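Here's a friendly walk through one protein chain. Take a look at the picture first, then read on.

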Amino acid sequence: MSPPADSSSAPTSSHARFDKLTPVLIVDAVEPCLAFWTERLGFRQANAVPGDDGRLVFASAERDAIEVMYQTRASVLAVEPEATRAERARDLAGHAALLFLEVDDLDAVERALAGVPVVKARHETFYGTAELYVREPGGTTVGFSMRLPGPPAPAGVDP
């Protein structure tokens, strides 16, 4: 058996096509997170899995090309063997993600998010966008970005 290859010998590109990235966010409660997307931003609930107590342990919301999934921390841990639950709980703690969505009407998004905790108020960037960052009920920061009219962003600058 040969030793595993180190990262320096790994291929630098893939010829596989990547169709979609869907985050699965681990949270304490699914319902308030799902409501953030469906009630405020017009997403539709695509999936819902209730637990034994009737509360959701998994759900997803979809709109256009965006899908966000949520699963409860308790349901992730419940399928772990007892011997590894503490280790898995440590694995689920302390991770951070930021969701970044490009939109065509930041004014409409901002109105829909009235009252949601703001992480970074609406601002204009040097690369030609207006952006707003909020915290959804599960604790994840969600950024919304809209291209401003005018010259395109400088080469090599991604919003």
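How many residues sit between strand 7 and strand 8 in their hairpin, and which residue in the turn has a positive phi? Five residues lie between the two strands, and G139 in the turn has a positive phi of about 100°.

A quick word on the ground rules: this is a predicted model, where local features need pLDDT of at least 70 and side-chain atom pairs count only at pLDDT 80 or more, while totals for chains, interfaces and linings use all residues. Residues are numbered from 1 along each chain as its sequence is written, and side-chain values use heavy atoms, leaving out hydrogens and water.

Zooming out, the protein chain has four helices and eight strands (DSSP runs numbered from the N terminus: helices are H or I with at least four residues, strands are E with at least two). Along the sequence they come in the order β-α-β-β-β-α-α-β-α-β-β-β. Of the 159 residues, 31% are buried, meaning under 20% relative accessible area with a 1.4 Å probe, protein chains only.

Now back to strand 7 (residues 129–135): six of its seven residues are buried, so the rest of the structure largely encloses it.

| Partner of strand 7 | Sense | Bridges |
|---|---|---|
| Strand 6 (residues 118–124) | antiparallel | four bridges |
| Strand 8 (residues 141–147) | antiparallel | seven bridges |

On one side, E124 stands opposite A130 of strand 7. Strands 6 and 7 form a hairpin with four residues between them, and G128 in that turn has a positive phi of about 90°. As for strand 8, its T141 is the bridge partner of R135.

Technical notes:
Buried < 20%, exposed > 50% of the residue type's maximum accessible area, 1.4 Å probe, protein only. Pairing = 2+ DSSP bridges.
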